[in-house]
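User: I would like to learn how to read the features of a model like this one. Please take them one at a time, with the general idea before the case.

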Amino acid sequence: MPAPGLKRFPAADTPGVAVIGGGIAGLAAATLLAERGARVTLYEQAESLGGRLAGWSTRLADGGEATMSRGFHAFFRQYYNLRGLLRRTDPALDRLRQVPDYPLRHSGGLTDSFARVPRTPPLSALGFVALSPTFGWRDLAAMDARAALPLLDVRVPEVYERFDSVSATQFLESVRFPEAAHHLAFEVFSRSFFADPRELSAAELLLMFHIYFLGSSEGLLFDVPTAPFPQALWDPLGAYLQRLGAHIRTGTPVRAVHPGDGGGGGVEVRTDTAVDRHDAAVLALDAGALRGLVAASPALGTSAWRDDIDGLRTAPPFLVSRLWLDRPVRADRAAFLGTSGYDGLDNVSVLDRYEDEAARWASRSGGSVVELHAYAVPEDARREAVQSRLVDRLHEVYPETRGARIVDARHEWRSDCPLFPVGSYTRRPTVTTAHPQIVLAGDAIRCDLPVALMERAATTGFLAANALLAGWGVRGQVLWTVPRAGRSPVLRALGTVGSR
């Protein structure tokens with residue numbers, strides 16, 4: 001997606017832009033605007049950058065310090081725009097490390113692996129089916145091939161028009177996928193949205209299938225940071241922004257935003273201590289924070305738009321438990337393991353397999369650092385019981401941990417990820433608003449491109465900056481995505497059969 005215009009603002013005509021939110025979306029927008037010469041002020045209510053990938057220091061029971069975060073995140077190769085953002089300070093992406101496999105294990109004993117799956121479409125999808133123990137010949141014969149054909153030609157945004165009214169579970173049931181495949185392959189996708197597949201829009205599930213199987217040649221293997229998020233990603237990017245002249249104001253929540261008169265009169269940003277004026281603003285907030293800011297800013301938007309913002313939903317709570325154990329897990333254990341059927345345990349990661357800080361602790365203590373995730377936890381669940389149950393399931397998945405003593409533990413409960421329920425697509429806010437000088441960014445924002453999760457955050461951040469820059473006649477960021485339709489003409493033709 002090219003972005004024409006002047007290379008940068010003339011020195012005598014540099015607008016001031018407020019970027020509200022220091023997560024991936026806000027950092028993408030702030031970086032591009034500052035690179036083009038805008039005077040950027042980045043407001044972040046937390047004390048550090050990174051949003052949901054922020055980190056903070058914690059002192060362990062043994063007296064050492066560790067960087068805690070909200071847990072493991074996979075940096076897939078299809079995250080072109082996010083990786084482009086990270087290349088600003090790490091051109092060769094040396095601060096990311098490849099994870100050699102992405103195994104998925106079901107409690108019934110089946111295990112899927114992506115290490116040997118071909119990466120070139122359509123061999124990627126065919127190879128997964130051929131190599132997966134969840135697809136037997138009888139299962140394949142029982143599937144409704146016609147109902148599955150739309151998977152072969154996912155088009156954006158048409159996939160939302162056709163499948164946003166159906167849940168992910170309903171779609172899989174209509175195709176008659178084998179039950180084990182529900183859990184191992186597709187439920188893992190849906191739960192990466194922190195959602196129950198019975199609630200998640202089927203359009204998001206089909207989009208994920210397109211991104212990872214038939215729309216790109218990068219496959220399902222991914223990279224992870226070699227150090228905690230602040231050290232590997234956000235501290236270098238924050239320093240880069242400051243060198244560009246950006247003013248970073250962490251620990252500064254924004255209470256209200258008011259557009260200027262006549263649609264072009266600037267933006268007023270209110271914090272606890274000041275009222276600042278800027279020429280434009282990027283609201284790069286999670287769904288709950290955006291709801292709160294709009295509710296406190298009565299001059300923003302139209303009544304219908306405000307209703308749509310108020311209708312944004314947040315996914316159920318999730319838990320990240322990090323355990324410092326006094327002995328190592330078995331040497332052949334994967335750095336990351338997706339799990340299903342283990343009473344709420346969604347994945348296990350062994351941090352000392354890839355993160356330098358955890359590796360140093362493990363080497364010094366002779367132990368290991370293990371992280372457990374549970375997504376879409378029921379609102380009424382007893383938190384202590386969930387935490388205890390995850391540890392019990394760890395002992396089931398990795399029996400060698402049964403005798404391990406937990407040297408220390410941290411349990412992070414959060415509920416601030418966007419939910420994309422059935423029928424929500426048309427009500428999701430877009431990047432642009434009724435005010436030309438105010439734009440939105442974040443993974444909750446509607447984007448008619450084949451992107452998801454962290455890549456949606458980065459892409460909408462760049463799109464928000466592009467929208468402002470275009471209004472000023474300045475060149476934006478060139479964006480890349482996987483194709484907006486199926487890559488194979490033969491598969492596209494087959495896919496149209498399923499729509500008749």
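**Reading burial, cores and backbone**

Analyst: Glu35 has a relative accessible area of 16%, so Glu35 is buried. Buried means under 20% relative accessible area, exposed over 50%, and partly exposed in between, using a 1.4 Å probe and protein chains only. The model is predicted: local features need pLDDT of at least 70, side-chain atom pairs count only at pLDDT 80 or more, and totals for chains, interfaces and linings use all residues. Residues are numbered from 1 along each chain as its sequence is written, and side-chain values use heavy atoms, with hydrogens and water left out.

User: Where does Glu35 lie, and which residues is Glu35 in contact with?

Analyst: Helices (H or I, at least four residues) and strands (E, at least two) are DSSP runs, numbered from the N terminus. Glu35 lies in helix H1, residues 24-35. Contact means heavy atoms within 4.5 Å. Leaving aside neighbours within four places in sequence, Glu35 is in contact with Arg8, Arg88, Tyr240 and Leu244.

User: How many helices and strands does the protein chain have, and what is its radius of gyration?

Analyst: The protein chain has 16 helices and 22 strands. The radius of gyration is taken over C-alpha atoms, and the globule rule is 2.2 Å times the number of residues to the power 0.38. For 500 residues the rule puts a compact globule near 23 Å, and the protein chain agrees, with 23 Å. Along the principal axes, the C-alpha atoms fill a box of roughly 65 × 65 × 45 Å. Of the 500 residues, 59% count as buried. Among contacts with a separation of 6 or more, residues 24 or more positions apart account for 73%.

User: How should I read a nonpolar core, and which residues touch the most other members of the largest one?

Analyst: In soluble globular proteins, nonpolar side chains tend to be buried together. A nonpolar core is a set of buried Ala, Val, Leu, Ile, Met, Phe, Trp, Tyr and Cys residues joined through side-chain atoms within 4.5 Å. The largest nonpolar core has 138 residues, and Trp234, Val282 and Leu283 touch the most other members. Helix H9 (residues 202-214) gives the most to this core, with 11 residues. Apart from this core lies another, of 21 residues, among them Leu319, Val348, Val350 and Leu390.

User: What is Leu283 in contact with, beyond its neighbours within four places in sequence?

Analyst: The contacts of Leu283 include Ile20, Val257, Leu290, Ile438 and Ala441. Ala441 has its place in the loop between strand E22 (438-440) and helix H15 (453-471). With a relative accessible area of 0%, Ala441 is buried. Not counting residues up to four places away in sequence, Ala441 touches residues including Ala25, Val282, Leu283, Thr460 and Ala464.

User: Now the backbone. Which peptide bond is cis, and where is the proline found?

Analyst: The peptide bond from Val156 to Pro157 is cis, with omega near 15°. Pro157 is found in the loop between helix H5 (145-148) and helix H6 (158-163).

User: What is phi of Leu93, and what is phi of Ala376?

Analyst: Leu93 has phi near 55°, a positive value in a residue other than glycine. Leu93 lies in the loop between helix H2 (80-86) and strand E6 (96-98), and counts as buried at 7% relative accessibility. Ala376 has phi near 50°, again a positive value in a residue other than glycine. The loop that holds Ala376 runs between strand E19 (368-374) and helix H14 (383-397). At 17% relative accessibility, Ala376 counts as buried.
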